[in-house]
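User: Please examine the structure below and answer a series of questions about it.

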Amino acid sequence: MRAPLPGELRDYVVDAGQRTALFLDALLDRGNAYREHLQRGTPALLKFKHELVLDGASFERPCNYALLRVVPPKDLPVRDDLRPLVVVDPRAGHGPGIGGFKNDSEVGVAMRAGHPVYFVSFRPQPEEGQTLQDVMHAQARFLEAVIERHAHCPDKPVVVGNCQAGWAMMALNATRPELFGPLMVVGAPLSYWAGASTLNPMRYAGATLGGSWLASLAADLGAGRFDGAHLVDNFEKLNPANTLWSRYYKLWSEVDGEASRFLDFERWWGGYFRMSTAEIETIVEDLFVGNKLARGEFLDGGRPVDLRAIRAPVVVFASHGDNITPVPQALNWIIDTWGDERAIAASGRTIVYVLHESVGHLGIFVGGEIARKEHDQLVGSLDVIESLPPGLYEMRLQAKDGIDVQRWDCLEPGDYSVHYEHRTMQDILDLNPEGRDEEALFSTIAKVSAFNARWYKACVRPWVGALANRATGDAVGRLHPLRLQRELLSDASPAAPALRRLARQARERRAPAAPGNPLLALQQQLDAGMRASLDRLREQRDAFTVAWARQCFGAAGLGRWFPPDPPDSARAQAWALRQLEQARARALEKVEQGGFAEAVCRIVLAGMASIGAFERRSLRLARLLARMPAQGAGGKPVDVDWTRLLKDQARITAVVPVEALNALERMLPDRAARERALALAAAVMMIEPTLHNPRSEIIEFLMGTLGADPQRVIGLARRLTGALEAPPRRPARAPAARRGRRVPAAD
């Protein structure tokens, strides 16, 4: 870097001084926003107008939750014929609003798609004696109210559960499945022991102080209130480089354009909500440390919550860049609950997961790009997700830019093509390079934690309870560093008038340094060095924590006295094998039942299995073909519920795939019926008008085994799709610099 000229030095000093004044001005605004939010009662920070529908405080078992209806803006009119969508925000230290924080959000995306939207909010203080079960029952009342308000809509509500609300909605869905349409869980931990030591060390932190007893102590010191600021503080400690430096450096270095975004986010980040003692103890003891949800040991009113009872499709959205809910924590419950992907299909269940490569935990909820891409495609694919045959899938999005127009592209408007690729349990295991062996360590930690919790409650809690009171707890909470920094840097500060005056002068005389100023390059180098130093300290801290936990709770430590239990996956796999044997016996009894419609479904399922994926266009094309007066065997119209039939046949083909195809000759007694069935299946799979395509191997194979004439099949398939009234085709796009990988064209 060259030495700065005197003029460049002067320009940089002026620029840096002005930025500092504006930086401090923004921090004062942050403090004012925090104080104003408290004075207003800390309402939900929704971008959109809303109205109260139900207040949980009025229920027989009161809680601090409420159901809000989002009032659609004039430019986003909702459609009464579309199913409602309910967004449930996490209660993990912060206040509500992250799901509708801005226009490009889960709430905004749903309203743009025409869905009526409801939002589950909560107040900063729990009701006296409030439990997680009280919250679950209140949320069930909310869904009942939404269903009643939209009684004209035959479809149940779509529910979006963010982070903590994700596992809460999974538990509620398992106990009240009749209330749910598709459930989307976003950044939600469900397998709490899973992760990788190098990428997700947060799970070891609770072991350093002996488990859950510390949360109980913190709640007791608050006289029955656990301060959510402790949880937020733990989140901030995960990434000290961002907490202590990067977010403030970004504001200081780009203050002219960054202040508004910084203040919007900090307004939500600075809202600290409390939980009751019963709530935090259930969360920590039974879920995060006990890991009881996936194995069916989490109780609701004494009854175990079985995630296998969920009937509607479940969509899981996770990210490899999320260090709070790593991908294994979001997905391994599938292994521990079901044991085998065939058991999912044989039970008639559908699970879809979506993975992002890099976005962090909060970006999953608030990222504008994420809202415009993943959330938009998820909401826009609800019809397809519900019509998917049972099974385990990964939803893959591929940009259309620079790609030739595909057949039936009109059935998939927008900038992305979507495929649902078949997945196995091994595919989920492969997402964690460290494997699952270390989860045995957390089984020991859970046992030690339970022992410590019993000791604390028996020997220490009575003394703490006698000394603690609510007034003292609230006073100590106000002195928490996260609250104090906002209180001290506000207009209540004696220095505020002088700082405001300096900021006003800086705006009036603003003179940014030229982009080529060498001191700006030096500034960036200092920023990189500071971040690298803090990252090294974090890595050293995390490595020490992991090593300490392994030594203390491993086989050479407390693992001798508290040996780990067998892996949950082994128990689930044993259950799955028993279920598959029973399902196979039932399927063999039905394998030759059915006629033309059942045969078409089996051919489509076999074709998609050979391809390895279902395309969104194919399933929408199947819906169009189903509306036509399709001709079955003997030229008779076929009038069936194709979606239901496809799901029923998928449960058979999942356990007896060979026998299901061998039965086609008996289900289609003559050549004409076989050719019609093959033609209809080929049309759905978009492999006509040519059969010289690797994607049509199953059709070619079945034409040989069923003795069908290829030319007649081609002609019939052409006539079927030709009878459909296709909307105008999307014009071809110009090649893009970055082209996504895409499945070969169907033509």
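User: Which residue of β4 stands opposite Leu-67?

Analyst: This is a predicted model. Strand β2 spans residues 65-70 and pairs with β4 in the antiparallel sense. Within β4, the residue opposite Leu-67 is Val-120.

User: How many residues of strand β4 are buried?

Analyst: In a regular strand, side chains alternate between the two faces of the sheet. In β4, Val-117, Phe-119 and Ser-121 point one way, while Tyr-118, Val-120 and Phe-122 point the other way, and all are buried. Strand β4 is therefore largely enclosed by the rest of the structure, and the count of buried residues is six of the six.

User: Is Asp-227 buried or exposed?

Analyst: Asp-227 is located in strand β7, which runs over residues 225-227. The cut-off for burial is under 20% relative accessible area. Because Asp-227 has a relative accessibility of 7%, it counts as buried.

User: With which side chain does the side chain of Asp-227 make a polar contact?

Analyst: Beyond its neighbours within four places in sequence, Asp-227 is in contact with Tyr-272, Phe-273, Arg-274, Gly-477 and Arg-483. A polar contact joins the side chain of Asp-227, at 2.6 Å, to the side chain of Arg-483.

User: Is Leu-488 buried or exposed?

Analyst: Leu-488 belongs to helix α20, residues 481-488. Together with Leu-479 and Leu-484, Leu-488 forms a nonpolar patch on the surface, with about 290 Å² of accessible area together. The cut-off for exposure is over 50%. Because the relative accessible area of Leu-488 is 57%, this residue is exposed.

User: Is Ala-660 buried or exposed?

Analyst: Helix α27, residues 657-662, contains Ala-660. Leaving aside neighbours within four places in sequence, Ala-660 is in contact with Val-591, Arg-602 and Thr-653. Because its relative accessibility is 1%, Ala-660 counts as buried.

User: How many Å apart in space are Ala-660 and Lys-292, C-alpha to C-alpha?

Analyst: In sequence, Ala-660 and Lys-292 are 368 residues apart. In space, their C-alpha to C-alpha separation is 38 Å.

Terms used
Residues are numbered from 1 along each chain as its sequence is written. This is a predicted model: local features need pLDDT of at least 70, side-chain atom pairs count only at pLDDT 80 or more; totals for chains, interfaces and linings use all residues. Side-chain values use heavy atoms; hydrogens and water are left out. Helices (H or I, at least four residues) and strands (E, at least two) are DSSP runs, numbered from the N terminus. Buried means under 20% relative accessible area, exposed over 50%, partly exposed in between (1.4 Å probe, protein chains only). Contact means heavy atoms within 4.5 Å. A polar contact is a pair of N or O atoms within 3.5 Å; within protein, one must be able to donate a hydrogen and the other to accept it, and residues adjacent in sequence count only if both atoms are side-chain atoms. Patches are made of residues with over 30% relative accessible area and no salt bridge: like charges are joined within 9 Å, nonpolar side chains (Val, Leu, Ile, Met, Phe, Trp, Tyr) within 5 Å. Accessible areas come from the Shrake-Rupley method with a 1.4 Å probe; for residues, only the protein chains shown count as cover. A salt bridge is a side-chain nitrogen of Lys or Arg within 4 Å of a carboxyl oxygen of Asp or Glu. Two strands pair if DSSP finds at least two bridges between them.
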